[in-house]
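Trainee: Hi! Could you walk me through this one?
Mentor: Happy to. Have a look first, then ask away.

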Amino acid sequence: MENNRFLWVGIIFGLIGSLYTFGKYKFIKLTLGIGLGLRHNDHVMIGILSLCVGVVALYRWLVDRYGSR
Amino acid sequence: MARDVSFREALVFSFFVSSVMVMLDALYHLGTSTAVHINYVLVKITIIFLVLFLTTYWVGKGKNEGIFACIVGPVIFYIYYLVADSTLNRAVFKVDDSFGYIFLHIFAFAIAYIALYNFVLNRRGSKEIQAGALSLIMAFSVFALDSFYRLGKVQIQTKNEELVVAVMGFGESLYLVLFLMVLYFLVFYYLKGGKTQGIVYMIGSLLGVYVISGGSVERVLVGVVSAGLPLMLMNYYLSRVVGMNNGVKSNGK
């Protein structure tokens, strides 16, 4: 678990990021009920920031696992 | 195993690189009549800063890390453009939302990263190149803080994004950046002694801002912060965080 910490961070933030970035506004707000009272662009920003964290966490995991030349 | 970079080092490194990247890009947009819009500039600098900060803090600084951040930051920013609703009237204003701008953003990011990492931190190249790279970083950082003040002020006062787009002009911005770059090159290359450098740097910067802004005392007062903060941060970064003995003056003759 400890070795794969960044992998889990990447997966979790990647999923949250993908959901908020690419999910339709009505789907996030009405179907899932996680709109947080925000507008579409705010959801996109939350998603994009989560994607940033997720992608870099996956990169860190890859560097830990395979090294960086 | 990834190399460890301290939190403060990653923070200051990312501040300088992302400021320079965004303002290099903004200057290009001003030159090509593409809108420099406070909301998009803030989104862009947030994304670039976050990607670079996390990469530097979690993985480290270096060639591979630089290439990764230079590509991932602009690509994620392009995704934002694709998905977000436009806040500017696209029929009137052209913004950098086409695919080709990814390459411009990568190019600007790479210049900023190489200037700080290769020439200032690792001291590659001749003394002239090192002083030139440092002057580029400082000039664009000052330009960034000055521009954020101007754009933010109009945005808060008018809440009209179409007025904000008209705040910055290419000519004035270019003159300011060129003036600051030449001034800082002379300061960092020829002057010795931290105090002398600091005094000439501040007086020259404020004088330049005063003249180029057409005699705006308000901009000069803001300039105390927008010119002073990058100098303090760079001095702190080079002397305390990275461990170079004598801060910015070490790049002089």
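Mentor: One term before we start: helices here are DSSP runs of H or I with at least four residues, and strands are E runs of at least two. Keep in mind that this is a predicted model.

Trainee: What does chain A span along its principal axes?
Mentor: The C-alpha trace covers about 45 × 25 × 15 Å. The radius of gyration of chain A is 14 Å, while a compact globule of 69 residues would be near 11 Å.

Trainee: And how much of chain A is buried?
Mentor: Of its 69 residues, 41% count as buried.

Trainee: Which residues make the nonpolar surface patch?
Mentor: Trp8(A), Ile11(A), Ile12(A), Phe13(A), Leu15(A), Ile16(A) and Leu58(A) make a patch of about 600 Å². Helix α1, residues 5-22, gives the largest share of the patch, with six residues.

Trainee: Where does Leu58(A) sit, then?
Mentor: Leu58(A) is in helix α3, which runs over residues 40-66.

Trainee: New topic: what share of the contacts comes from residues 24 or more positions apart?
Mentor: Such pairs account for 60% of the contacts in chain A that have a separation of 6 or more.

Methods. Residues are numbered from 1 along each chain as its sequence is written. Chains are lettered from A and ligands numbered from 1 in the order in which they are written. This is a predicted model: local features need pLDDT of at least 70, side-chain atom pairs count only at pLDDT 80 or more; totals for chains, interfaces and linings use all residues. Side-chain values use heavy atoms; hydrogens and water are left out. The radius of gyration is taken over C-alpha atoms; the globule rule is 2.2 Å times the number of residues to the power 0.38. Buried means under 20% relative accessible area, exposed over 50%, partly exposed in between (1.4 Å probe, protein chains only). Contact means heavy atoms within 4.5 Å. Patches are made of residues with over 30% relative accessible area and no salt bridge: like charges are joined within 9 Å, nonpolar side chains (Val, Leu, Ile, Met, Phe, Trp, Tyr) within 5 Å. Accessible areas come from the Shrake-Rupley method with a 1.4 Å probe; for residues, only the protein chains shown count as cover. A salt bridge is a side-chain nitrogen of Lys or Arg within 4 Å of a carboxyl oxygen of Asp or Glu.
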